[in-house]
Amino acid sequence: MAYQALGDLMMKHHVVGRSARLLVIGIGIGTVAVGCAGAIGDGSEEPEPNSIVPPIPDTSGILWPVDYSGSPSALRRLSRDELVASLQMLVGSAPARDDLPEEPRRGHSVLQTSGLSFIATEVSKLRQVLSAFATKVAPAMLGKTGCAQTQQAQRDCLLGWSTRFAEQAMRRSLRAGESTRLQSLLTSAGTSAEDDTATVEGILTTVFFTPSFLYRTEIGKPVAGKPGLRALEPRELASRLSFLATQAPPDAELLSAGTAGRLQDPAERVRQLDRLLKSDRGKRALVVLVLEWLGANESKVSDKSAKYLTTLGADFEPSIRASAEATIRKVVDENADPSVTTLLTTEAYLADAVVQKVRQAAGSGRTATGDTALTTRAGLMMHPYVLSAHTKEDGASPFPLGEFIRETLLCEAIPPPPAGAVDSARTDPPAGLTMREDLDYRTSAGPTCISCHKLFAPLGYAFLPFDPVGRWVKTDPTGKPWDLAGSVPIYAGTDLAFKSPSELTKGLASQPQVHGCFAQASIAWAFGRAPIAEDHPLVVALNDVVGRAGSGVGSVLRAIVATPGFLTAVGAR
């Protein structure tokens, strides 16, 4: 039986024709939006005049260098983690995360899905995975419907279930045309148990491919006198809060609070956030947030050269990720308000069996590996899984690691290298140099090279002994001891000095700048984009939070949901 999309009218209702462009790809069962640009409205008003882009706010007094380069959009595609969490909530199971299309990423930043769309190759993969998933779960879902009548009574029962399911999945009420289409699907179905299963499978497949399921819509209504600003509708507000806290659609309690208007009260939004963060789904979402912040949510272990993996076992990649996730979960479970400091200093993973494989002594001579007194692993930055997310396939990776720390933990962008930078590197190092001396020599061709590399190279040199899977190589290739000490200027106008990677990570953990940088990553997590000028009041509020000793992840998220800006969306510029 062929099923058409319930949501193929969704874009027609919401995209203002003269100011927006939408490209859709028909995939047989459903229609998925794969490209959108322009202003978005509810179809009842003329396009708003272009708003004037506000000037970049004064950031004096802010504890970190704020990036106001965000690009707002009323459409935000679900990430792989959000798809998995949503299906888990709706159906009770989900496809494997790695089977779903991988999102394109920009550098080390938290995944930003505002305005992103599915490309054609992703749609094909998505269709295959979700169709197979609908077939697999349809029999069990039929049992959950509670429908066991015959003929017309069964059709009426399934119609009531399918309407409720579709509205929960799409996070909005069905429109008249969609309800009619849904009813026609059920009317045309047979009456046997096999027909009922096929009907449920078709409904699941159809709903899974509606744009209103695959995209979060934060469209709202225009705010009088404020061009470009739109107040979120109650369901949209509940959805934004729920995805922030759990990566999934709102539950009944949150939806009730939204439709009753209680989420207009910042205290109620915070109360609902705290309730959701205490749930298993909320704690899982915090794990993903931390991994996103650390640039480690996408595993890079399998990319490493085989020589680093052969002794670690076939299950090393999933096991080492599980160790990192368990470490974050332990910090979340044991702390009422887990802090950035705790995450960057925890030793909870040191005794994990899979981590012990990396830490134990192996090899001999200049290739000997194994933790030493100088290693002193502390914090997630020294967890093998996180290290492997920022290392090359082969050899040491001081520059990628240094760039990651400077840009992600300190929020200080490194300018792109000038044209011909690679060709200008010195190629005649003297014999006998250590690895660090050799790298310093090669990148000292002129003041431009030196001034840029000094921003991140010392940070990476502290991690020079780590191989691509996070093993500690005991000596420099020359056989000489490692020189890991360094000092780098930071935003506060001071220098951060260290003698080892553990000193560096602990020093970073104590810096308000790092806490502020995490707060900026949390803005991207909440809104799917980097901050924009209109977020400045929120940045000021977060600056106060991270400036207080002991401020934690929960405190940052509470400040985000309590801000008046959480109630609104900003039109595309």
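1. In strand S8, Ala497 is the bridge partner of Ser487. Strand S7 (residues 486-489) and S8 run antiparallel and are joined by 4 bridges; two strands pair if DSSP finds at least two bridges between them. Helices (H or I, at least four residues) and strands (E, at least two) are DSSP runs, numbered from the N terminus.

2. The model is predicted: local features need pLDDT of at least 70 and side-chain atom pairs count only at pLDDT 80 or more, while totals for chains, interfaces and linings use all residues. Residues are numbered from 1 along each chain as its sequence is written, and side-chain values use heavy atoms, with hydrogens and water left out.

3. S7 and S8 form a hairpin with 5 residues between them. In the turn, Gly493 has a positive phi of about 90°. Strand S8 (residues 495-498) has a covered face consisting of Leu496 and Phe498, and its uncovered face holds Asp495 and Ala497.

4. A further open sheet contains 3 strands in the order S5-S6-S9, with antiparallel pairing. Its edge strands are S5 (221-222) and S9 (568-570), each of which pairs on one side only. S5 and strand S6 (residues 229-231) pair in the antiparallel sense over 2 bridges. Arg230 in S6 is the bridge partner of Pro222.

5. Asp81 lies in helix H2 (residues 80-91). Asp81 has a relative accessible area of 8% and is therefore buried (buried means under 20% relative accessible area, exposed over 50%, partly exposed in between, with a 1.4 Å probe and protein chains only). The side chain of Asp81 makes a polar contact with the side chain of Asn297 at 2.9 Å. A polar contact is a pair of N or O atoms within 3.5 Å; within protein, one must be able to donate a hydrogen and the other to accept it, and residues adjacent in sequence count only if both atoms are side-chain atoms. Leaving aside neighbours within four places in sequence, Asp81 is in contact (heavy atoms within 4.5 Å) with Arg97, Gln247, Arg284, Val288 and Asn297.

6. The axes of helix H3 (residues 120-145) and helix H4 (residues 151-170) come within 10 Å and cross at roughly 110°. H3 is therefore roughly perpendicular to H4 (angles under 35 degrees count as roughly parallel, over 145 as roughly antiparallel, 65 to 115 as roughly perpendicular and the rest as oblique). Axes are lines fitted to C-alpha atoms, for helices over the stretch in contact, and angles run from 0 to 180 degrees between N-to-C directions. Met141, Leu142 and Thr145 of H3 make the contact with Leu158, Trp161 and Phe165 of H4.
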